[in-house]
Amino acid sequence: MPGFTTALVLSLSLMALISLASLIPHEPGRARSILGRTLDRTPAPLQKLLHVGLYGLLALLLVWSLGTIDAFALRMLTAFIIAVGFGAVMEWCQTRVPGRVGSLADVLLNAAGAALGLLAATFMA
């Protein structure tokens, strides 16, 4: 398990990466950025799987970042709320970005990923 500072830096870095990927305007077939072209070439099912994986990793990192909370259940709940809340905000923000669509289905995939991340944290504790 990484130390507090390392876990916090990794958590914030992943959140920044997710924000960047979520908030870049997207015009299918006309993408100019590397990220946009990658998005064009990524099949929708794989994009959905990425939601689960990224938010699972985020939840796991958040559990480690919140190591100063002694009660493990409270730490897990806090990590889940932060991960799902962040995912919901990103989906809402996407509704304001040209060519992007936010959806409740993606929020639910984010929540499922966060739950899997917490499950992993439980086994690693």
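Residues are numbered from 1 along each chain as its sequence is written, and side-chain values use heavy atoms, with hydrogens and water left out. In this predicted model, local features need pLDDT of at least 70 and side-chain atom pairs count only at pLDDT 80 or more, whereas totals for chains, interfaces and linings use all residues.

Two packed helices are described by the angle between their axes and the distance between the axes. Helices are DSSP runs (H or I, at least four residues) numbered from the N terminus; axes are lines fitted to C-alpha atoms over the stretch in contact, and angles run from 0 to 180 degrees between N-to-C directions. Helix 1 (residues 4-23) packs on helix 4 (residues 72-94) at an angle of about 20 degrees, the axes being 9 Å apart. The two helices are therefore roughly parallel (angles under 35 degrees count as roughly parallel, over 145 as roughly antiparallel, 65 to 115 as roughly perpendicular and the rest as oblique). The crossing of helix 1 and helix 4 is right-handed, that is, the near helix is turned clockwise from the far one by less than a right angle. In this contact (heavy atoms within 4.5 Å), Met15, Ile18, Ser19, Ser22 and Leu23 of helix 1 meet Ile82, Phe86, Met90, Cys93 and Gln94 of helix 4. Seven residues of the contact of helix 1 with helix 4 are nonpolar, three are polar and none is charged; Ala, Val, Leu, Ile, Met, Phe, Trp, Tyr, Cys and Pro count as nonpolar, Asp, Glu, Lys and Arg as charged, and the others, Gly among them, as polar.

Helix 4 also packs against helix 3, at about 140 degrees and with the axes 9 Å apart. Helix 3 and helix 4 are therefore oblique to each other, and their crossing is right-handed. The contact of helix 3 with helix 4 comprises twelve nonpolar, two polar and two charged residues.

The axes of helix 3 and helix 5 come within 6 Å and cross at roughly 45 degrees, an arrangement that makes helix 3 oblique to helix 5. The crossing of these two helices is likewise right-handed. Among the residues in contact are Lys48, His51, Val52 and Tyr55 in helix 3, and Asp106, Leu109, Asn110 and Gly113 in helix 5. By class, 13 residues of the contact of helix 3 with helix 5 are nonpolar, five polar and two charged.

One salt bridge (a side-chain nitrogen of Lys or Arg within 4 Å of a carboxyl oxygen of Asp or Glu) is found in a search of the whole structure. Asp106 and Lys48 form a salt bridge in which the closest N and O atoms are 2.7 Å apart. Asp106 lies in helix 5 (residues 104-124) and Lys48 in helix 3 (residues 44-65), so the pair ties together parts 58 residues apart in sequence. Asp106 is buried, at 6% relative accessible area, whereas Lys48 is partly exposed, at 35% (buried means under 20%, exposed over 50% and partly exposed in between, with a 1.4 Å probe and protein chains only).

Asn110, also in helix 5, is buried at 1% relative accessibility. Not counting residues up to four places away in sequence, Asn110 touches His51, Tyr55, Gly87 and Glu91. The C-alpha atoms of Asn110 and Glu91 are 9.9 Å apart, with a separation of 19 residues in sequence.
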